[in-house]
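The following explanation is intended to be read alongside the sequence and the coordinates.

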Amino acid sequence: LLVKYILLMDAKQNNWHSELKKNTKALALWTFLWVFTLAFVAFGPKFIWNENKIITIVMIIINTLVGVGMIWINRKHLNSQDPLQRKISMDAMAITLGITLIVGISYSMLDITNLIYFNAEISHLVFVMGITYLIAMLIGNARYK
């Protein structure tokens, strides 16, 4: 009976690892597709389809739909993680949301009040978001090792 239980638990563990691996690959693929379609939207009008508004609108819709798919896959990936991985990820997301909100609004206020000589661009905020999430994940993983 004990041997059966150990074999069952080992099978569950292997199944969980394969599911996590599958979901991680799917998330990587959907993230790549989203970035790829975003690049098409950003550079296509100028370099590929000569600013045709209909093609640009279609590409924006496609990019948005791929983005929704990426969100869905990210949720599935989070749900396949073990509780500690999920906690680290959720903590990193919470920190990232807070910092992005505070920095974004402050950055926008600097632009609106003309305290900076350039326009506040969303790409700057995306950079802050990515770096914040990366650092928060590294710290979270280091804390629980």
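The model is predicted, so local features are given only where pLDDT is at least 70 and side-chain atom pairs only at pLDDT 80 or more, while totals for chains, interfaces and linings use all residues. Residues are numbered from 1 along each chain as its sequence is written, and side-chain values use heavy atoms, with hydrogens and water left out.

The secondary structure of the protein consists of four helices and zero strands, where helices (H or I, at least four residues) and strands (E, at least two) are DSSP runs numbered from the N terminus. Along the sequence, the pattern reads α-α-α-α. The protein is more spread out than a compact globule, because its radius of gyration is 21 Å, well over the 15 Å that the globule rule gives for 145 residues. That radius is taken over C-alpha atoms, and the rule is 2.2 Å times the number of residues to the power 0.38. The C-alpha trace spans about 70 × 40 × 15 Å along its principal axes.

Of the 145 residues, 23% count as buried; buried denotes under 20% relative accessible area, exposed over 50%, and partly exposed the range in between, with a 1.4 Å probe and protein chains only. The accessible surface comes to about 11000 Å², and carbon and sulfur atoms account for 73% of this surface. Such areas come from the Shrake-Rupley method with a 1.4 Å probe, and for residues only the protein chains shown count as cover. Among contacts between residues at least 6 apart in sequence, 63% join residues at least 24 apart, a contact being heavy atoms within 4.5 Å. As for charge, the mean positions of the 13 positive and 7 negative charges lie 11 Å apart. Lys and Arg count as positive and Asp and Glu as negative, whereas His and the chain ends are not counted; each charge is placed at NZ of Lys, CZ of Arg, CG of Asp or CD of Glu.

The aromatic rings come next. The structure holds five aromatic pairs. Rings of Phe, Tyr and Trp (its six-membered ring) pair if their centres lie within 6.5 Å, and planes under 30 degrees apart count as stacked, over 60 as edge-to-face and the rest as tilted. One of the pairs is formed by Phe32 and Phe36, which are stacked at 6.0 Å centre to centre with 20° between the planes. Both residues belong to helix α1 (residues 2-47), where they are four residues apart, about one turn of the helix. Phe32 counts as exposed because its relative accessibility is 52%, while Phe36, at 42%, counts as partly exposed. The rings of Phe40 and Trp49 have centres 6.2 Å apart and planes at 35°, so this pair is tilted. Phe40 is partly exposed at 29% relative accessible area, whereas Trp49 is buried at 11%. Ring pairs link Phe32, Phe36, Phe40 and Trp49 into a cluster.

Most residues other than glycine have a negative phi. Asn50, however, has a phi near 45°, and Asn114 has a positive phi of about 60°. Asn50 lies in the loop between α1 and α2 (53-80) and is exposed, with 65% relative accessibility. Asn114 occupies the loop between α3 (83-112) and α4 (122-143) and is likewise exposed, at 63%.

Where does Ala120 lie? Ala120 is found in the loop between α3 and α4 and is partly exposed, at 26% relative accessibility. Setting aside neighbours within four places in sequence, Ala120 is in contact with Tyr107 and Asp111. Its C-alpha atom is separated by 20 Å from that of Leu38, 82 residues away along the chain.

Asn63 is found in helix α2 and is buried, with a relative accessible area of 10%. Finally, Lys22 in helix α1 is partly exposed at 47%. Lys22 and Ile55 are 33 residues apart in sequence and 33 Å apart in space, C-alpha to C-alpha.
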